[in-house]
Amino acid sequence: RVGVDRQPIGLRPRSLAPAVGVTPSEGNAMPNNSHEIARLNDLCRSAMGIAGKLIQTEGVCALPLAEQSAFWDRRSRAGTTHHLFTAGEEAGADGRAVAIKVQYPGVAQAIEDDLSNAELLTTFLKLVASGTSAKTDIGAIALATSARIRDEIDYASEAKTLAIFAELYRDHPFIRIPDVASEACGARVLTMTYLDGIDWAEAQHAEQELKNTWAEAIVRFAYGNRWLAGLLHADPHPSNYRFFPDGTVGFLDFGCVQKLTDTERHSWYRMIRAAAEGRKADLRDAMSQLGFLDIDPTLSADELYDWWAQLLSDIIVDPQPVVYAPGTRTRVLSSLFVQDPHHPVNRVSLSAAGAFTARIQLNLVSICAALGATLPIRAISEDMDGISEPITDLGRQHHEWVRQRGLRLIPKLD
């Protein structure tokens with residue numbers, strides 16, 4: 001399978017033989033002549049061989065110039081930063097099916113040049129923030145954004161993060177993480193084991209019960225990262241998932257991950273539990289410790305709780321189980337993008353971790369709404385936070401896996 005970023009053109013696994021052609025997948029045009037098909041098949045005859053050449057030249061394709069130009073330029077206008085190869089089991093030296101992400105030549109340097117211009121990045125973030133009256137810490141968010149973008153284009157860094165997640169979720173009953181093929185990785189090339197399954201577009205046609213299961217798996221992945229390891233997977237995007245008929249979900253992209261310190265993890269846990277349980281004074285105290293009130297310490301406990309009740313309306317306010325719909329997403333959006341300067345979101349000091357957490361919550365709600373999911377989300381959040389025993393089958397499986405692995409469900413509190 002040969003393709004670009006998250007919308008691959010398909011070469012079926014084990015279809016590297018010349019007699020088998022390129023097949024289209026959603027959103028991509030079929031090559032319009034047999035020469036183009038033959039050229040793509042030839043380029044992908046040995047995906048691991050290409051990966052080796054790319055690694056040796058730090059991401060510069062070691063193919064004849066004419067072939068290289070046609071290869072890179074074919075989809076460069078798609079606005080993506082890389083090509084994605086996947087190949088059949090014969091591609092890996094140890095017999096594993098692999099996916100190989102290859103960065104376009106020159107992309108990293110172009111992005112690095114922009115990131116090195118601190119004034120440009122700060123101006124851009126100020127422009128984004130101008131959509132609200134929020135008193136965000138532009139400097140801190142600029143630094144964190146730069147770090148995350150650099151991680152996105154540094155495949156060696158992403159490989160290390162992917163390895164952390166793969167080990168963290170080893171033998172998990174419904175969360176699938178690919179393994180890194182470290183022998184075929186480099187700064188501009190990332191090779192991992194291939195996860196089959198269906199993509200987001202095809203997942204929309206599944207039975208509703210299965211979509212509910214997938215939504216719960218995605219939510220538990222996001223919640224579990226935060227407490228099990230202090231990791232914020234800050235890119236919960238539909239195209240980063242692979243869906244399986246047994247209800248399991250594969251997670252693919254680990255270039256945008258924010259690490260919480262132990263102190264941050266403890267404070268965030270206290271803050272979220274105080275919000276969920278309506279303990280307004282404790283919520284304000286936790287937010288103060290995390291620096292949310294540095295700019296405006298006059299924010300009252302009632303004002304802060306009302307904001308969280310809007311941001312986490314599915315957990316705090318909505319009747320259970322929640323039937324996710326576009327209106328659910330709209331409520332979250334309205335808690336984050338407000339012109340009224342007196343609204344709490346425009347008076348708190350929003351840190352990088354706060355910005356990423358808000359993004360994760362918005363995207364999770366959007367994904368659940370797109371799947372039309374029905375979830376007992378309050379009960380799910382409580383069992384993931386160690387407050388109660390799970391009431392769903394996935395919850396029971398997750399808790400049993402945590403016990404078998406000897407992990408801590410929630411951070412150790414002082």
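Contact here means heavy atoms within 4.5 Å, and the views below come from a predicted model.

**Figure 1. Helix α9 lies against helix α16.** Let's start where two helices meet. From α9, the residues in contact are Glu216, Val219, Arg220, Tyr223, Gly224 and Trp227, and their partners in α16 are Ile377, Ile380, Ser381, Asp383 and Met384. The axes of α9 and α16 (residues 377–384) sit 10 Å apart, at an angle of about 30 degrees. Angles under 35 degrees count as roughly parallel, so α9 is roughly parallel to α16. Their crossing is right-handed. Sort the residues of this contact by class and you get 6 nonpolar, 2 polar and 3 charged.

**Figure 2. Helices α14 and α15 pack against each other too.** Here α14 covers residues 326–336 and α15 covers residues 352–370; their axes come within 8 Å and cross at roughly 165 degrees. That angle makes α14 roughly antiparallel to α15. On the α14 side, the contact uses Pro326, Thr328, Arg329, Val332, Leu333 and Leu336, while α15 brings Ala358, Gln361, Leu362, Val365, Ser366 and Ala369. By class, that's 8 nonpolar, 3 polar and 1 charged. This crossing is left-handed.

**Figure 3. Trp308 belongs to the largest nonpolar core.** Which residues touch the most other members of this core of 91 residues? They are Ile177 and Trp308. Helix α9, spanning residues 208–229, gives the most to the core: 11 residues. Now zoom in on Trp308. Leaving out residues up to four places away in sequence, Trp308 touches Trp268, Met271, Ala275, Leu283, Met287, Ser313 and Ile316.

**Figure 4. His398 sits in helix α17.** That helix runs over residues 393–405. Is His398 buried or exposed? With a relative accessibility of 0%, His398 counts as buried, because buried means under 20%. Again skipping residues up to four places away in sequence, His398 touches His172, Pro173, Phe174, Leu228, Met384 and Leu409. Take Met384 from that list: it is 14 residues from His398 along the chain, and their C-alpha atoms are separated by 9.0 Å. Met384 also turns up in Figure 1, on the α16 side of the contact with α9.

**Figure 5. Zooming back out, the protein has 17 helices and 12 strands.** How many of its 414 residues are buried? As a share, 53% of them count as buried. Among contacts with a separation of 6 or more, 68% link residues 24 or more positions apart.

Technical notes: Residues numbered from 1 in each chain as written. Predicted model: local features only at pLDDT ≥ 70, side-chain atom pairs only at ≥ 80, totals over all residues. Heavy atoms only, no water. Axes fitted to C-alpha atoms, helices over the stretch in contact; angles between N-to-C directions. Helix = DSSP H or I, 4+ residues; strand = E, 2+ residues; numbered from the N terminus. Parallel < 35°, antiparallel > 145°, perpendicular 65-115°, else oblique. Left-handed = near helix turned anticlockwise from the far one by under 90°. Nonpolar A, V, L, I, M, F, W, Y, C, P; charged D, E, K, R; others polar. Core = buried A, V, L, I, M, F, W, Y, C linked by side-chain atoms within 4.5 Å. Buried < 20%, exposed > 50% of the residue type's maximum accessible area, 1.4 Å probe, protein only.
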